[in-house]
Amino acid sequence: MDEPQRSRENEFENRAEDDELGFVEEFVLFLRENKKWWLVPLIGSLLSIGVVAALASSAAAPFIYTLF
């Protein structure tokens, strides 16, 4: 077995043993790598609308409606 082949196998084994990234970490790396920073306000807006919709059916509803 030649040296480049062995180094590729070692690299593969090392990467397989690494811990997996979480969803948020992977998303931030995606944004940084692909320069997609315009997605941040879009995702933030969708998340905030989802939180308000989830809280609208809870005991916090009277407090949410006074904000608007």
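Modeller: W38, L42, I43, L46 and L47 make up a nonpolar surface patch, with about 540 Å² of accessible area together. Patch members have over 30% relative accessible area and no salt bridge; nonpolar side chains (Val, Leu, Ile, Met, Phe, Trp, Tyr) are joined within 5 Å, like charges within 9 Å. A salt bridge is a side-chain nitrogen of Lys or Arg within 4 Å of a carboxyl oxygen of Asp or Glu. Areas are Shrake-Rupley values with a 1.4 Å probe, and for residues only the protein chains shown count as cover.

Colleague: Before we go on, what kind of model is this?

Modeller: A predicted one: local features need pLDDT of at least 70, side-chain atom pairs count only at pLDDT 80 or more, and totals for chains, interfaces and linings use all residues. Residues are numbered from 1 along each chain as its sequence is written, and side-chain values use heavy atoms, leaving out hydrogens and water.

Colleague: OK, back to L47. Buried or exposed?

Modeller: L47 lies in helix α3, and it counts as exposed because its relative accessibility is 58%. The cut-offs are under 20% for buried, over 50% for exposed, and partly exposed in between (1.4 Å probe, protein chains only).

Colleague: Which residues gather in the negative patch?

Modeller: E13, E17, D18, D19, E20 and E26. Asp and Glu count as negative, Lys and Arg as positive, with His and the chain ends not counted; a charge is placed at CG of Asp, CD of Glu, NZ of Lys or CZ of Arg. E20 is in the loop between α1 (3–17) and α2, and is exposed at 77%.

Colleague: How many helices and strands are there?

Modeller: 4 helices and 0 strands. Those are DSSP runs numbered from the N terminus: helices are H or I, at least four residues, and strands E, at least two.

Colleague: What comes after α2?

Modeller: K35, with a positive phi near 55°, and K35 isn't a glycine.
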